[in-house]
Amino acid sequence: MTYSIGRHELAAPVVLAPMAGVTNAPFRALCRRFAPGLVYVNEMVMATPVVQGNPKTHRMITFADDEHPRSQQLYGSDPEVMGDAVRQLCDDGRVDHIDINFGCPAAKVTRRGGGAAVPARPELLRAVVRAAVSAASPYGIPVTTKFRMGLFDDWLTFKRTGEVCAEEGVASIAMHARTVEQHYSGEARWDAIGELKEHMLSLGGSMPVLGNGDIWEASDAVAMIEQTGCDGVVVGRGCLGRPWLFGDLVDALNGREVPPSRPLGEVASVMADHAEMLAQHLGEDHAMRDFRKHTGWYMSGYPIGSEFRRQFALIKSLAELDDILAAMLDKVGADTTVVEGGERIKRGHTNGPIKVAIPEGWLDGQTRRSLDSDVSIPDDADVMALSGG
């Protein structure tokens, strides 16, 4: 199976979902080692600090010289600011692809009608998407969008969101098959992905629909596409501690045999490489604090014992990490494999359901109906760092 984004023909219809504090340049480089030629999206940044020239935000927008397509996700609820941010990134030649996030569940944003609440106001959604597409089009840069099913089970907006995105010329859409209220709890509802695909086909369009949610193994991607008819998959938590998953996905979606779970010795080698790359990117002190969370993800499902897990969670240097890895392999064995079902242990966020914060009065029936034409812009200019949902 192939897939293209703009002028870039990909090895498979697979996209790395942007994850705050994870999908930085070192992690994306590691994933590309196992599967070059896919879409690996950088951490989400807000449109406002891009326009304002915030140094931290601009440092986050970092790509390797050989990284293509250079994919960046933006968040923003102000059409003018979104257009300015996209135009700036395109004009500077920094990106090959822009993804717009409409799934952010942060209460301080949805409380103002921004983030994942924007699809509840389809004309504001339209204005933001139109601004991004209009700004990117002169540069030949494709714009895609990612969103959730809706705010609650009784307020699902995904079909209308898909319609608006198609009408405004986005290249593809992706849906995380959970509501904002569900957050990361329970199971992703793949049937909604199928409903979205069917709905888009009923409109006579050919825009690709990608599914997101609970892709833990390569077989899950095959199953999602078979069950829903979607055109590809977006992978988030499933690749935490498993950057080789992308190589497995390319094999599975191209009909090739998928390798077995990696033995502990291979995992340790990848961990050491990842930590070294992160240290070069962030500096060793910062990198080692950041890498602690990755050690838990890498070791998920491997019977290494609680003492090694504790040591990994406290690492302070590359040398210390190397010593712990060596001691672990000496005691447990490099050929040790993951326990049965270990690949499916959930990694990353698992919290939910959550209390969704929305503007006062939105649950009133008459007010809700009035939101169809509401284009008032939420004030989220002071929010500089968010999780993309």
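# Reading strands, rings and cores

User: Which way do Ser172, Ala174, His176, Ile173 and Met175 point from E11, and are they buried or exposed?

Analyst: Ser172, Ala174 and His176 point one way from E11, while Ile173 and Met175 point the other way. All of them are buried. Buried means under 20% relative accessible area, exposed over 50%, partly exposed in between (1.4 Å probe, protein chains only). E11 is a strand spanning residues 172-176. Strands (E, at least two residues) and helices (H or I, at least four) are DSSP runs, numbered from the N terminus.

User: What should I know about the model itself?

Analyst: This is a predicted model, where local features need pLDDT of at least 70, side-chain atom pairs count only at pLDDT 80 or more, and totals for chains, interfaces and linings use all residues. Residues are numbered from 1 along each chain as its sequence is written, and side-chain values use heavy atoms, leaving out hydrogens and water.

User: How many residues of E11 are buried?

Analyst: Five of its five. The strand is mostly covered.

User: Which strands pair with E11, and in what sense?

Analyst: Pairing needs at least two DSSP bridges between two strands. E8, residues 143-148, runs parallel to E11 over five bridges. In that pairing, Thr144 has Ser172 of E11 as its bridge partner. E12 also runs parallel to E11, joined by four bridges. There, His176 has Asn212 of E12 as its bridge partner.

User: What is the order of the strands in the sheet?

Analyst: The sheet is open and has nine strands, with parallel pairing. Read across, they come as E4-E3-E13-E12-E11-E8-E7-E6-E5.

User: Which strands stand at the edges?

Analyst: E4 (39-40) and E5 (45-46) do. Each has a single partner strand, so one side of each is left without a neighbour in the sheet.

User: Now helices. Which residues of H9 are buried?

Analyst: H9 covers residues 218-228. Its buried residues are Ala218, Asp220, Ala221, Ala223, Met224, Ile225 and Thr228.

User: What covers the buried residues of H9?

Analyst: The cover includes helix H8 (190-202), strand E12 (209-212), E13 and H10. Now look just after H9: Gly229 takes a positive phi of about 75 degrees.

User: How do I read a pair of aromatic rings?

Analyst: Take the distance of the centres and the angle of the planes. Rings of Phe, Tyr and Trp (its six-membered ring) pair if their centres lie within 6.5 Å; planes under 30 degrees apart are stacked, over 60 edge-to-face, the rest tilted. This structure holds six aromatic pairs. One of them is Phe34 with Trp244, an edge-to-face pair at 6.2 Å centre to centre and 75 degrees between the planes.

User: Where do Phe34 and Trp244 lie?

Analyst: Phe34 is in helix H1 (residues 25-34). Trp244 is in the loop between strand E13 (232-235) and helix H10 (245-253). The pair links distant parts of the chain, 210 residues apart. Phe34 is partly exposed at 28% relative accessible area. Trp244 is buried at 3%.

User: Why is the pair of Trp244 and Tyr298 tilted?

Analyst: The planes stand at 40 degrees and the centres lie 6.4 Å apart, so the pair is tilted. Tyr298 sits in helix H12 (residues 284-299) and Trp244 in the loop between E13 and H10, so the pair ties together parts that are 54 residues apart in sequence. Both residues are buried.

User: Which residues touch the most other members of the largest nonpolar core?

Analyst: A nonpolar core is a set of buried Ala, Val, Leu, Ile, Met, Phe, Trp, Tyr and Cys residues joined through side-chain atoms within 4.5 Å. The largest has 71 residues, and Leu74 and Phe246 touch the most other members. Helix H6 (residues 122-136) supplies the largest share, eight residues.

User: What is Phe246 in contact with?

Analyst: Contact means heavy atoms within 4.5 Å. Leaving aside neighbours within four places in sequence, Phe246 contacts Val14, Val15, Leu16, Cys31, Ala35, Leu38, Tyr40, Val235 and Cys239. A second, separate core has 26 residues, among them Met299, Ile315, Leu325 and Val338.

User: Is Arg32 buried or exposed?

Analyst: Arg32, in helix H1, counts as buried at 15% relative accessibility. Not counting residues up to four places away in sequence, Arg32 touches Tyr40, Ala64, Asp66 and Glu67.
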